[in-house]
Amino acid sequence: MLRTRTAGTLAEVGAWELRDPRLTALLESYALAHGLDPRATPASAAVLPYMEHAFGTWYVRGGMRELARAVYERCLARRVEFRFGTEVTGVLEKDGRAAGLECADGTVTEADLVVAGVAPGVLDRLCRGTPVRGDGGVPARPGEASRVTVLMALRGGRPQGTPHRTVVHAMDREAELAALSGATPGGLPEHPTVTVLRPDDPALVPDAGHEAATVTAVVPAGVAAPAEDCAEKLITAAGRAIPGLRDRLLRHEVRTPDDIAGETGVAGGAVPVPALAAAGGRLLQPSNSTRLPGLFTVGGWSHPGGGLPHAGMSGALVAGLIVEGPEFRGSQ
Ligand SMILES: Cc1cc2nc3c(=O)[nH]c(=O)nc-3n(C[C@H](O)[C@H](O)[C@H](O)COP(=O)(O)OP(=O)(O)OC[C@H]3O[C@@H](n4cnc5c(N)ncnc54)[C@H](O)[C@@H]3O)c2cc1C
């Protein structure tokens with residue numbers, strides 16, 4: 001009789017299939033990058049490194065803001081009206097349907113449809129505490145993750161052939177997993193896994209005699225991460241990828257979970273993960289339609305989850321649901 005065994009988690013895929021601990025660390029870093037413990041991340045997450053290996057990744061020339069600018073200009077061309085700096089305080093409801101928005105400046109805007117791109121807790125507040133999200137059976141996800149990022153201006157140009165992205169792995173896997181679970185004050189172990197990005201992009205620097213680089217590490221959402229302590233650990237770790245980093249450092253800025261919370265409105269500065277199958281639905285995001293007819297959700301906190309490509313897909317799904325109707329299921 002042929003007996004097969006099936007890996008249930010990403011850590012099991014690594015333990016069963018890989019002989020070199022460096023390859024295991026590389027595989028597991030695809031879970032850690034989202035704040036997920038590889039021992040509890042479904043084996044389906046192995047699709048993430050596969051996709052990257054097979055298809056590569058995208059970099060937006062000029063940085064992420066250029067993507068926002070391009071979308072903004074496309075919307076203007078389509079006669080979309082923007083109101084910046086205006087806080088939405090409530091979703092209006094009429095005859096059991098979403099009927100518009102109330103804003104903090106006192107304005108009320110009536111609408112046939114409302115599409116919300118905010119975290120679940122924020123949306124519940126806007127709907128006066130009524131949970132409107134679909135998929136009521138999807139349990140809340142414990143232990144969401146945030147990021148600490150150090151943005152660095154470096155003296156001296158970017159050497160030719162420099163890799164765009166280097167992952168510096170943690171020296172102590174157990175200490176890192178303990179920190180991710182929230183057991184470490186400040187959220188970071190002494191030597192965290194860090195991602196170092198060194199884009200080959202003249203738009204980021206004043207001249208060829210300078211380099212722009214960022215270093216990111218994952219911390220539990222809501223952790224009080226002291227900015228300069230974190231910067232110290234991240235810059236030390238990044239020094240393994242950028243020779244002479246401290247001597248080249250002209251200035252740096254730190255972004256903590258508090259900063260992310262302030263900019264996105266999401267409690268603890270949590271960053272949504274891409275939806276992953278299995279794990280009892282724990283890593284799925286709610287559907288894009290809600291219990292309130294006429295109200296839809298897009299963005300990282302809706303299906304198919306976090307990350308810009310996924311957020312874009314959620315927009316396409318909502319467009320389909322609106323135009324084609326509730327039976328729309330995406331591309332056929
Ligand atoms: C440090 C960091 C690095 C990342 N790196 C990458 C990466 O390399 N690649 C990638 O694909 N993804 C990355 N992500 C994830 C990506 O940024 C998110 O998945 C994506 O931005 C989610 O888009 P969104 O529209 O759902 O939410 P957001 O981009 O958070 O937009 C939501 C907006 O709604 C506004 N808002 C909230 N409440 C209200 C209200 N009541 N009234 C009015 N406006 C409100 C917020 O101010 C915010 O502007 C990163 C995230 C972080 C934090």
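Mentor: Two strands count as paired if DSSP finds at least two bridges between them, and we will need that rule at once for this predicted model.

Trainee: How do you know that strand E1 and strand E2 (residues 97-103) pair?

Mentor: E1 and E2 are joined by six bridges in the antiparallel sense, and since the rule asks for at least two, the two strands are paired. Individual bridges can be named: Leu92 has Gly100 in E2 as its bridge partner, and Lys94 has Arg97 in E2. E1 and E2 form a hairpin with two residues between them, and Asp95 in that turn has a positive phi of about 50°.

Trainee: What makes E1 an edge strand?

Mentor: E1 belongs to an open, antiparallel sheet of three strands in the order E1-E2-E3. Strand E1 (88-94) and strand E3 (108-110) each pair on one side only, which makes them the edges, and the twist in this sheet averages 30° from one strand to the next.

Trainee: How do you know that strand E5 (residues 145-155) pairs with strand E8 (residues 210-220)?

Mentor: DSSP needs at least two bridges, and E5 and E8 have 11, in the antiparallel sense; by that rule they are paired. Arg147, for example, stands opposite Val218 in E8. These strands belong to an open antiparallel sheet of five, in the order E6-E7-E8-E5-E9, whose edges are E6 and strand E9 (249-255), and whose twist averages 20° from one strand to the next. Helix H7 (residues 227-238) lies across E5, E6, strand E7 (194-197), E8 and E9, running at about 125° to E9.

Trainee: Why is Thr166 called partly exposed?

Mentor: Thr166 has a relative accessible area of 23%, and since buried means under 20% and exposed over 50%, that value falls in between and the residue is partly exposed. Thr166 is in strand E6 (residues 165-168). Leaving aside neighbours within four places in sequence, Thr166 is in contact with Val194, Thr195, Val196 and Ala241. The C-alpha atoms of Thr166 and Leu197 are separated by 6.6 Å, although these residues are 31 apart along the chain.

Trainee: How do you know that Arg69 and Glu73 form a salt bridge?

Mentor: The N to O distance between their side chains is 3.0 Å, and as the cut-off is 4 Å, the pair qualifies. Both residues lie in helix H4, four residues apart, about one turn of the helix. In general, an α-helix has 3.6 residues a turn, so residues three or four places apart point the same way. Arg69, at 37% relative accessibility, counts as partly exposed, and Glu73, at 42%, does too.

Trainee: Why is Glu81 called exposed, and why is Arg83 called partly exposed?

Mentor: Exposed means over 50% relative accessible area; Glu81 has 64% and therefore counts as exposed, whereas Arg83, at 47%, counts as partly exposed. The two form a salt bridge, with their closest N and O atoms 3.6 Å apart, and that distance is within the 4 Å limit.

Trainee: What makes the pair of Glu232 and Arg246 a salt bridge?

Mentor: Their closest N and O atoms are 2.9 Å apart, again within 4 Å. Glu232 lies in helix H7 and Arg246 in helix H8 (residues 245-248), so the pair ties together parts that are 14 residues apart in sequence. Glu232 is partly exposed at 43%, as is Arg246 at 44%.

Definitions and conventions. Residues numbered from 1 in each chain as written. Predicted model: local features only at pLDDT ≥ 70, side-chain atom pairs only at ≥ 80, totals over all residues. Heavy atoms only, no water. Axes fitted to C-alpha atoms, helices over the stretch in contact; angles between N-to-C directions. Buried < 20%, exposed > 50% of the residue type's maximum accessible area, 1.4 Å probe, protein only. Contact = heavy atoms within 4.5 Å.
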